[in-house]
Amino acid sequence: MQSNLISELSAETPGLVLHGRICRKWKPRNPNTDRVLRLDMICLDRKGDAVWIQVPKSCMDRFDQRVEEQNTYRIANFKVVAETKGYRPVPNGLFVELESTSTIEPTPDHVPPFPTQCFRFLKHEDMFPNRDQRTILLDVVGQLLEFSKTKSSTSINRNSKRKEIKIMLPEGIPVKVVLWGRLGLQLEQIIDAATNPKIILIISSVMVSEFNGELKLSSSSASVMYDNLDVHEVNTLRDSNDALDAPRLHEEKGPEVIGPLSIQELKNFTSDAANLNKIVSVTCKVDKVLNDWFYDGCTKCPCKVQAEADKFYCNKCQTTSRNSVKRFRVQVSVNDPTGEAVFVLFDGEGKKFFGISAQALYADKENEPSDVPAALLTIEHMEVEFHIKVKEFNVKKSSHEFTVWKINEAKESANSTTKISEPIQENTLSSQQGGGSTHSISTSTVVDIEDEDFDTTNRSNLELRHNENASATPSTNNLKRKQRADSGNDDSDV
């Protein structure tokens with residue numbers, strides 16, 4: 001049977017037959033439930049062109065059992081669709097969708113010869129121009145240098161396990177990569193099974209972003225990770241004369257916390273420009289939650305959007321959307337024996353402390369007896385330890401509205417403050433050594449994913465591109481806080 005080249009595929013032409021090598025296969029997952037959505041594959045023809053193949057869940061099992069990576073197949077009775085979802089793992093603007101009537105039959109891989117891989121490796125010099133680009137996903141290769149323990153994101157409605165790593169690019173430049181979902185587990189398996197101290201990773205379909213002038217890569221739902229794959233770029237890195245250092249576990253030290261300070265001492269502290277961006281501990285009592293507790297945010301970044309008729313414009317992303325996301329900007333008036341101030345709690349810490357998203361609270365707001373939802377009023381009359389980050393407007397404008405970096409109930413955090421004379425020591429451990437076989441497990445998060453930087457001091461400002469459909473049920477701790485507030489008891493021992 002005559003077959004077509006990928007360049008000949010067209011949504012208007014029926015009866016096409018595709019002959020090629022399946023060079024990549026993965027199963028994207030729902031970020032909220034971790035359930036498999038469908039089966040995805042990349043197919044290469046004899047000229048090296050690539051096309052994205054999607055298999056709906058209804059017939060996924062049938063094709064999953066028939067298809068193995070690196071084998072060649074003749075595929076017929078499929079549908080060709082124009083890609084409109086905003087991202088794709090290959091440059092081709094079309095994708096192939098298999099149906100219940102589709103056929104896929106194995107063929108010899110030597111007639112004709114087919115390429116084995118279709119990676120588009122991203123060089124460091126090309127990363128800045130490609131930052132925040134969400135259309136065509138790119139690939140990266142590098143030697144594993146460091147890895148963190150698996151962490152949980154501040155998002156409350158997604159499968160948000162992540163592992164942060166640092167890899168050395170072929171140009172000799174280190175970059176940070178966030179592995180989401182199952183890719184973090186796969187990395188642990190690679191390290192445990194390694195027999196060569198030099199672990200060379202390929203991570204496909206990554207996204208590039210920038211934070212505070214620093215580049216950061218993140219995996220996507222189309223990402224597949226390979227360990228020591230037999231391709232030119234990996235062999236070159238592995239055979240280089242660099243020292244064979246085993247990757248090390250990177251134990252992040254927490255930020256240096258100054259204090260505890262009183263409110264008046266905090267005001268004096270922020271008058272000195274040398275204290276910009278430092279973290280200060282202040283324990284005080286919350287008087288009242290003010291009415292202005294949320295803002296309309298961009299769906300792709302944390303910035304506030306401007307309402308324009310029935311649309312919303314983001315000045316940072318320079319995009320217009322029909323939707324916005326309600327994000328926390330909870331203002332609370334606080335006091336101690338030395339004075340009063342206003343502390344502002346943003347989205348990251350707000351969701352962690354109250355156990356619910358601003359979007360969910362706003363959706364249920366019509367059932368609230370007051371402008372401020374009851375779930376937020378639980379903080380009133382509590383004695384709380386706030387970690388305050390000194391911002392530029394505090395220094396330059398002498399503003400006494402302070403940004404909360406972290407929040408703890410006072411009794412829970414009595415021993416957690418660190419004086420400036422007692423910096424936390426970093427503990428670096430050595431991992432098991434080794435090298436290993438090729439592994440391939442897909443990530444479990446969607447392409448528009450929340451990214452968080454290695455620097456945990458920035459985490460409250462990094463609620464990026466996440467779904468806000470969280471349950472509107474306050475946490476058990478919130479219910480206990482409300483019971484204490486209703487009874488007039490300020491004891492915060494949970």
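A charge is taken to sit over a ring if NZ of Lys or CZ of Arg is within 6 Å of the ring centre and within 35 degrees of the ring normal. Lys326 is placed in this way over the face of Tyr362, at 4.4 Å from the ring centre. The model under discussion is predicted.

**Overall make-up**

- The chain contains 10 helices and 26 strands.
- Of its 494 residues, 51% are buried.
- Among contacts with a separation of 6 or more, 71% are made by residues 24 or more positions apart.
- The accessible surface of the chain amounts to about 22300 Å², and carbon and sulfur atoms account for 46% of that area.

- A pair of aromatic rings is described by the distance of the centres and the angle of the planes.
- The whole structure holds 10 aromatic pairs.
- Trp293 and Phe294 form an edge-to-face pair, because their ring planes stand at 65° and planes over 60 degrees apart count as edge-to-face; the ring centres are 4.7 Å apart.
- Phe353 and Phe354 also make an edge-to-face aromatic pair, with 5.3 Å from centre to centre and 85° between the planes.
- Trp293 has a relative accessible area of 1% and is therefore buried, the limit being under 20%.
- Phe353 and Phe354 are both buried.
- One aromatic cluster is formed by Trp293, Phe294, Phe328, Phe353, Phe354 and Tyr362.
- Tyr362, a member of this cluster, is the residue whose ring face lies under Lys326.

**The sheet of 7 strands**

- This open sheet has the strand order E5-E6-E3-E2-E1-E4-E7, and its pairing is mixed.
- Strand E5 (79-82) and strand E7 (103-107) are the edge strands, each pairing on one side only.
- On average, neighbouring strands of the sheet are turned by 40° against each other, direction ignored.
- Strand E2 (residues 38-44) pairs with strand E3 (residues 50-56) in the antiparallel sense, over 7 bridges.
- Within this pairing, Leu39 stands opposite Val55 in E3, and Met41 stands opposite Ile53 in E3.
- The hairpin of E2 and E3 has 5 residues between the strands, and Gly48 there takes a positive phi near 90°.
- Strand E1 (residues 17-26) is joined to E2 by 5 bridges, and the two run antiparallel.
- Arg24 is found opposite Ile42 in E2.

**How strand E2 is enclosed**

- In a regular strand the side chains alternate between the two faces of the sheet.
- Strand E2 is largely enclosed by the rest of the structure, because 7 of its 7 residues are buried.

**The sheet of 3 strands**

- A further open sheet has the order E19-E20-E21, with antiparallel pairing.
- Strand E19 (306-308) and strand E21 (319-321) stand at the edges; each has a single partner strand, so one side of each is left without a neighbour in the sheet.
- Neighbouring strands here are turned by 30° against each other on average, direction ignored.
- E19 and strand E20 (residues 311-314) run antiparallel and are joined by 3 bridges.
- Glu308 has Lys311 in E20 as its bridge partner.

**Ser205**

- Ser205 belongs to strand E12 (residues 200-211).
- Its relative accessibility is 0%, so Ser205 counts as buried.
- Leaving aside neighbours within four places in sequence, Ser205 is in contact with Arg24, Pro89, Leu137, Leu138, Asp139, Ser220, Ala222 and Ser223.
- Arg24, one of these contacts of Ser205, is also the residue that stands opposite Ile42 in E2.

**Val231**

- Val231 lies in the loop between strand E14 (225-227) and helix H4 (232-238).
- With a relative accessible area of 11%, Val231 is buried, because the limit is under 20%.
- Thr116 is 115 residues away from Val231 along the chain, and their C-alpha atoms are separated by 9.1 Å.
- Apart from neighbours within four places in sequence, Val231 is in contact with Gln117 and Ile202.

Notes. Residues are numbered from 1 along each chain as its sequence is written. This is a predicted model: local features need pLDDT of at least 70, side-chain atom pairs count only at pLDDT 80 or more; totals for chains, interfaces and linings use all residues. Side-chain values use heavy atoms; hydrogens and water are left out. Helices (H or I, at least four residues) and strands (E, at least two) are DSSP runs, numbered from the N terminus. Buried means under 20% relative accessible area, exposed over 50%, partly exposed in between (1.4 Å probe, protein chains only). Contact means heavy atoms within 4.5 Å. Accessible areas come from the Shrake-Rupley method with a 1.4 Å probe; for residues, only the protein chains shown count as cover. Rings of Phe, Tyr and Trp (its six-membered ring) pair if their centres lie within 6.5 Å; planes under 30 degrees apart count as stacked, over 60 as edge-to-face and the rest as tilted. Two strands pair if DSSP finds at least two bridges between them. Axes are lines fitted to C-alpha atoms, for helices over the stretch in contact, and angles run from 0 to 180 degrees between N-to-C directions.
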